[in-house]
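Let's take a walk through the inside of this protein, with its aromatic rings as our guide. Have the model open and follow along.

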Amino acid sequence: MSASIEVSNPATGIPLGSVPDEPAAEVAAAVARARGAQPAWAALGFAGRRRALRALAAHLVDDDELVRTLVAESGKPRHEAIGIEVFYTCELIRFFTSGAGRRALATEVRRPFLFAHKRCRVIQHPRGVVGVIGPWNWPLLNNFADAVAPLVAGNSVVLKPSPVTPLTSLRVRALWRQIGLPDGVFEVVTGGVGTGEALVNTADMIFFTGSQRGGRAIAEAAGRRLIPVVLELGGKSPMIVLEDADLGAAARAAVWSGFAHSGQVCIRTERVLVHARVHDEFVELCAAATRALRQGGPESGDVDVGAMTFAPQVPHLQEQIAEALAHGARVVTGGGPRTDLPGRFFAPTVLADVTPGMAVARDETFGPVLPVLRVKDEEDAIRVANDSPLGLAGSVWSRNEARARAVADRLQTGSACVNDVLVNYFCVEAPLGGTKQSGLGYRHGAEALRQFCRTESVVETRWWARPVVGFLRRQLGFPYQPRVLRAIRLAMRWLYGGRKRKVRS
Ligand code: NAD
């Protein structure tokens with residue numbers, strides 16, 4: 001019998017139940033079921049898969065049990081559970097099953113230049129069984145929602161949610177079965193790292209969202225099997241506030257993008273780089289907006305900031321703050337855990353006088369701590385923003401849109417917003433992913449769907465060339481003939497210029 005993992009409510013500490021820590025044999029069985037179900041799912045065609053997934057979306061919209069589970073195991077406000085997680089998941093299903101999704105998966109015909117008598121059909125086949133491995137911060141949005149693109153592309157999926165928040169994924173699987181969607185196409189296995197490793201050892205492809213450490217281990221394991229991986233990892237996303245920004249709007253955005261879901265958001269504002277001329281005013285505006293936030297248990301009424309989902313994050317935040325204070329930073333508001341509240345809460349914290357060498361400015365924080373750094377000018381802001389091994393997201397604030405756009409274009413990030421924050425996650429038409437050590441591949445756009453396909457190019461002779469194709473094949477194949485080689489040389493010189501062309505320096 002497999003061991004079990006206890007799940008509890010971070011806002012109250014009350015146990016919610018337990019799930020099995022599934023061993024490799026159970027994972028192999030789930031992958032085998034998924035492998036068996038996949039051909040029939042692919043054979044449904046795009047229209048059939050669209051019908052199935054849109055029916056599921058219609059149930060997700062109004063499933064109170066799903067929202068209750070999500071809120072209870074993550075400790076986030078209902079507003080974020082419904083307005084971000086459920087909304088996003090339904091929007092993702094809409095986009096991937098729209099005309100854009102159909103076109104991304106459709107067979108394309110390409111005409112070669114050199115072999116003009118040929119045509120190539122470029123076909124997108126599903127890869128088979130995609131293993132989706134998810135984190136704890138978005139139990140729906142980075143767990144089941146990550147299964148949507150692989151499913152639309154005709155794969156079956158085995159999802160391994162985080163052991164911290166597995167119940168939401170189990171609720172989606174229950175809904176899947178309840179509305180009669182095909183067995184085996186969407187499987188859930190629960191457990192920790194060992195269960196994830198077993199999935200990496202058996203699936204045909206992995207879509208992983210989580211930490212750099214997890215991503216690196218999975219890339220290594222996938223490399224041994226030579227299976228493809230998509231990695232969506234952590235970030236240190238900068239927000240640049242130039243001296244001509246609308247400071248009120250920028251401060252409100254910094255506070256929202258810094259403290260939504262208690263800062264446990266991958267593309268959150270991890271550091272704010274503010275032009276020296278407006279730095280002090282900006283810090284005061286942020287502090288005032290932060291002090292106005294309502295924090296507490298999501299079940300206790302309307303709150304803005306909920307609980308810390310994952311217990312080890314609390315000492316991690318305390319260490320980063322202590323190190324920053326020891327090196328000259330200052331707590332403007334907040335600063336530590338909320339001992340006046342039951343459960344696990346951390347006060348939204350604004351830190352000023354932060355410098356780039358401090359851990360809080362350099363390493364992922366992933367909690368409600370907003371470090372503000374003073375920069376000399378636009379160039380200094382870009383330099384500090386890009387001086388990081390991570391490159392997930394960012395934002396630039398200026399009343400001069402063209403100026404902000406030019407700065408955003410120079411950020412070394414997978415995506416960026418001009419005078420806005422976090423909305424890049426909802427613009428699902430555009431590719432979204434990390435660059436540098438923040439990841440490989442995409443979660444949005446046609447680019448995301450194509451990753452879950454095995455591309456095959458089939459080359460055929462065009463109808464008008466069929467009578468001469470035998471002659472051409474004889475010229476190019478065995479036995480090689482000197483006059484054909486001379487003709488090839490001539491053709492190459494004519495096409496590419498040969499040795500006659502000189503390159504001027
Ligand atoms: P984590 O890497 O500890 O775990 C993520 C998942 O991977 C869990 O299900 C875990 O059990 C599993 N896992 C870990 N190591 C594994 C291994 N070697 N083999 C197989 N499975 C393994 O990450 P976490 O703490 O759950 O999530 C927080 C991190 O996720 C943060 O860094 C955050 O920035 C990142 N994140 C990124 C995005 C994005 O879109 N880029 C979105 C959400 C979260």
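Rings of Phe, Tyr and Trp (its six-membered ring) pair if their centres lie within 6.5 Å; planes under 30 degrees apart count as stacked, over 60 as edge-to-face and the rest as tilted. By this rule, the structure has 11 aromatic pairs. One of them joins Tyr 88 and Tyr 425, a tilted pair with 5.2 Å centre to centre and 45° between the planes. Tyr 88 belongs to helix H4 (residues 78-96), while Tyr 425 sits in the loop between strand E17 (417-418) and strand E18 (435-436), so the pair ties together parts that are 337 residues apart in sequence. Helices (H or I, at least four residues) and strands (E, at least two) are DSSP runs, numbered from the N terminus.

A word on what you are looking at: this is a predicted model, where local features need pLDDT of at least 70 and side-chain atom pairs count only at pLDDT 80 or more, while totals for chains, interfaces and linings use all residues. Residues are numbered from 1 along each chain as its sequence is written, and side-chain values use heavy atoms, with hydrogens and water left out.

Are the two tyrosines buried or exposed? Tyr 88 is buried, at 0% relative accessible area, and Tyr 425 is buried too, at 6%. Here buried means under 20% relative accessible area, exposed over 50%, and partly exposed in between (1.4 Å probe, protein chains only).

Now look at His 444, in the loop between strand E19 (439-440) and helix H16 (445-451). His 444 has 0% relative accessibility and therefore counts as buried. Its side chain makes a polar contact with the side chain of Tyr 88 at 2.7 Å. A polar contact is a pair of N or O atoms within 3.5 Å; within protein, one must be able to donate a hydrogen and the other to accept it, and residues adjacent in sequence count only if both atoms are side-chain atoms. Leaving aside residues up to four places away in sequence, His 444 touches several others (heavy atoms within 4.5 Å), including Tyr 88, Tyr 425, Leu 92 and Phe 96.

Elsewhere, Trp 41, Phe 144, Trp 176 and Phe 186 form one aromatic cluster. Within it, Phe 144 and Phe 186 make an edge-to-face pair, 5.2 Å centre to centre with 75° between the planes. Phe 144 lies in helix H6 (residues 140-152) and Phe 186 in strand E7 (residues 186-188), so this pair links parts 42 residues apart in sequence. Phe 144 is buried at 0%, and Phe 186 is buried at 2%.
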